[in-house]
Amino acid sequence: IDEPRRFAVANIREIESLDEVPALSRHKALEAEIGKGIARCKAECGYFQVCGGGAPASKFYEHGTFDCTETRECRFAKQLLSSVLLEKATRLQCSG
């Protein structure tokens with residue numbers, strides 16, 4: 001897909017309804033790439049249950065693809081926060 005039109009999935013003049021969009025090949029390709037990234041996160045990351053595979057926009061912005069795993073947004077907003085909260089909860093449980 002050429003970069004200037006990477007996210008153009010349809011020409012409004014060529015479709016009758018927005019309901020057609022999910023069936024279009026360009027939409028399916030983007031959806032598949034996002035799905036691959038989510039699957040990789042699920043397989044590789046211990047924080048998957050916290051974020052569900054991350055934000056596709058963050059993945060694309062940081063890596064230029066949706067088929068990737070960790071982003072800074074995930075590392076600092078999800079993983080770090082989760083680790084701190086789990087550590088604090090463990091301490092409270094042990095001291096209580």
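Start by selecting Glu 33, which lies in helix α1. Helices here are DSSP runs of H or I, at least four residues, numbered from the N terminus. This is a predicted model: local features need pLDDT of at least 70, side-chain atom pairs count only at pLDDT 80 or more, and totals for chains, interfaces and linings use all residues. Residues are numbered from 1 along each chain as its sequence is written, and side-chain values use heavy atoms, with hydrogens and water left out.

Stay on Glu 33. Because its relative accessibility is 16%, Glu 33 counts as buried (under 20% relative accessible area; exposed is over 50%, partly exposed in between; 1.4 Å probe, protein chains only).

Next, show Thr 65, Phe 66 and Asp 67. Glu 33 touches these as well as Arg 6, leaving aside residues up to four places away in sequence (contact: heavy atoms within 4.5 Å).

Colour Leu 30, Glu 33, Gly 37 and Cys 41: they are buried. Viewed down the axis, the buried residues of α1 fall within an arc of 80 degrees, so they line one face of the helix (directions from the axis to the C-beta atoms). Turn to the other side: Ser 25, Lys 36, Lys 42 and Ala 43 are exposed.

Finally, select 48-51 and 56-63. These are α2 and α3, against which the buried residues of α1 pack.

Technical notes. Helix = DSSP H or I, 4+ residues; strand = E, 2+ residues; numbered from the N terminus.
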